Amino acid sequence: MKQLFKKIITLSLAVCMVLPAASLTGSAEAADNDYFSNPNAQVVSEDVTTLEDGTRIVSTLYVIPSMTRASGTVSGYRDYVAENSNHEELWRFSVGGNFSYTGTSATCTQSYYRTQITVTSWQTKSAGSNRTGRTAYGDAVMIRKLLGITVETREAHVEVSCDNNGNLY
């Protein structure tokens, strides 16, 4: 009985260590593994905001031409990247979507998200994406821990929208 109990505890600990790493990447709907790292993605716009503590938030919108399969459809994503004051990436939250448009309306047909941790003291507490109307959107909560204690929390809200003519914003 003791042996069985030890095996159950060992297996439980192993599962607890693997699950957080596996949850760092996800999608609201199944996405190609290359969706957020497509080499053909083209920058549409980039905004940089510097916070009071020196953290930089770089928000970059991409359109993916190779995923624009037919007239009336377009795909793209927005990266929300947190950097320290030395411009070194800490973590990244990306939200993307597939859109259809007609010239008089636009609709988001799928939404995707991904988180990437660059500095190991940061981790994803929660993340997800959804869609409504012409917009794909997502929210993430990132936390930084020291000695197992949460010392910093950052929230990210990211949106990608499509106008009636297939332009992402």
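This is a predicted model: local features need pLDDT of at least 70, side-chain atom pairs count only at pLDDT 80 or more; totals for chains, interfaces and linings use all residues.
Me: Hi! How many cavities of 30 Å³ or more does the count come to?
Reply: Hello! The count comes to one cavity of 30 Å³ or more. The volume of the largest cavity is about 30 Å³.

Me: Which residues line the largest cavity?
Reply: Its lining is made of Thr55, Ile57, Ala82, Leu90, Trp91, Trp122, Glu152 and Arg154.

Me: And which elements give two or more residues to that lining?
Reply: Those are strand 4 (89-101) and strand 8 (149-161).

Me: What does the lining look like by class?
Reply: Sorted by class, the lining of the largest cavity has five nonpolar residues, one polar residue and two charged residues.

Me: OK, new topic. How many aromatic pairs does the structure hold?
Reply: There are five aromatic pairs in the structure. One of them joins Phe36 and Tyr77, with ring centres 5.3 Å apart.

Me: Why is the pair of Phe36 and Tyr77 edge-to-face?
Reply: It comes down to the angle: the ring planes of Phe36 and Tyr77 stand at 80°, and planes over 60 degrees apart count as edge-to-face.

Me: Where do Phe36 and Tyr77 lie?
Reply: Phe36 is in the loop between helix 1 (2-22) and strand 1 (42-50), while Tyr77 is in strand 3 (residues 73-83), so their pair ties together parts that are 41 residues apart in sequence.

Me: Are those two buried or exposed?
Reply: Phe36 and Tyr77 are both buried. Ring pairs also link Phe36 and Tyr77 with Tyr62 in a cluster.

Me: What about Phe93 and Tyr113?
Reply: They form an aromatic pair too, and this one is tilted, with 6.4 Å from centre to centre and 50° between the planes. Phe93 belongs to strand 4 and Tyr113 to strand 5 (residues 106-117), so the pair ties together parts 20 residues apart in sequence. Phe93 is buried, at a relative accessible area of 0%, and Tyr113 is buried as well, at 14%.

Methods:
Residues are numbered from 1 along each chain as its sequence is written. Side-chain values use heavy atoms; hydrogens and water are left out. On a 1 Å grid over the protein atoms alone, a cavity is a set of points where a 1.4 Å probe fits but cannot get out, and a pocket is an open set with protein on both sides within 12 Å along at least five of seven lines; lining residues have an atom within 4 Å of a point. Grid points are joined across faces, edges and corners, and a volume is the space filled by probe spheres set on the points. Helices (H or I, at least four residues) and strands (E, at least two) are DSSP runs, numbered from the N terminus. Ala, Val, Leu, Ile, Met, Phe, Trp, Tyr, Cys and Pro count as nonpolar, Asp, Glu, Lys and Arg as charged, and the others, Gly among them, as polar. Rings of Phe, Tyr and Trp (its six-membered ring) pair if their centres lie within 6.5 Å; planes under 30 degrees apart count as stacked, over 60 as edge-to-face and the rest as tilted. Buried means under 20% relative accessible area, exposed over 50%, partly exposed in between (1.4 Å probe, protein chains only).
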